[in-house]
Amino acid sequence: MIRRLNALLLTLLLAVSSVAVADNPKVVMETSLGNFTIELFAVKATKSTKNFLKYVDDGYYDGLLFHRVIPNFMAQAGGFEPGLVRKQTRGAIENEANNGLKNTRGTLAMARTGDPHSATAQFFINVNDNPYLDFKSESRSGWGYAVFGQVIEGMDVVDKIVTSPTGNRGSFQNVPKEDIVILKASRLPE
């Protein structure tokens, strides 16, 4: 009886762990400098993941630029077409930075304005550990930036993106001198 119960418990634990892995969707970003794959943290960052996947599924990111890149910090995309033309977004989402995830190298986080709950479609990839971007408190200055994914393949491409020569364009700073375009963002089959 105890053996059967232990076997049943083990089967249940294996099933639960495989469900957790299956709940983490993956997205491939094809860029003009190469491809990278992202795993999204669907359980810990539910709202950010659903928001990002809706934009991916709608083809929103296709043709957008990496418009801000800073070596040893991050690469940002998701808001501008070539010519730095702002692309229309849906409404802002709630900041989930209090999910326990940290802004470490290779993680994706939601970009936002000074309002902690203003993130829409823009995201950035940390190319360094950036603990000062982590959640500290539910105050305007303490919210931090919500991590919702991790580059699991192609970090060398992200490193190539972030070390591209940059300059200023109008009021924009740290803009790659040659456009770095997201050719296509697509969800991998689960």
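1. Thr37, in this predicted model, has a relative accessibility of 10% and therefore counts as buried, since the label applies under 20%. Thr37 belongs to strand β2, which covers residues 34–40. If neighbours within four places in sequence are set aside, Thr37 is in contact with Lys26, Val27 and Val28, with Gln150, Val151, Ile152 and Glu153, and with Leu188.

2. Turning to the aromatic rings, the count comes to 13 aromatic pairs. One of them joins Phe124 and Tyr145, whose ring centres are 5.8 Å apart and whose planes make an angle of 70 degrees, an arrangement classed as edge-to-face. This pair links distant parts of the chain, because Phe124 is in strand β8 (residues 123–126) while Tyr145 is in the loop between β8 and β9 (147–153), 21 residues apart.

3. Are the two partners of this pair buried or exposed, or something in between? Phe124 has 5% relative accessibility and so counts as buried, whereas Tyr145, at 23% relative accessibility, counts as partly exposed.

4. Tyr145 also has a charged group over its ring: the charged end of Arg112 sits there, 4.2 Å from the ring centre. An arrangement of this kind is found at Tyr60 as well, where Lys87 lies over the face of the ring, at 4.6 Å from its centre.

Conventions. Residues numbered from 1 in each chain as written. Predicted model: local features only at pLDDT ≥ 70, side-chain atom pairs only at ≥ 80, totals over all residues. Heavy atoms only, no water. Phe/Tyr/Trp six-rings, centres within 6.5 Å; stacked < 30°, edge-to-face > 60°. Helix = DSSP H or I, 4+ residues; strand = E, 2+ residues; numbered from the N terminus. Buried < 20%, exposed > 50% of the residue type's maximum accessible area, 1.4 Å probe, protein only. Lys NZ or Arg CZ within 6 Å of the ring centre and 35° of its normal. Contact = heavy atoms within 4.5 Å.
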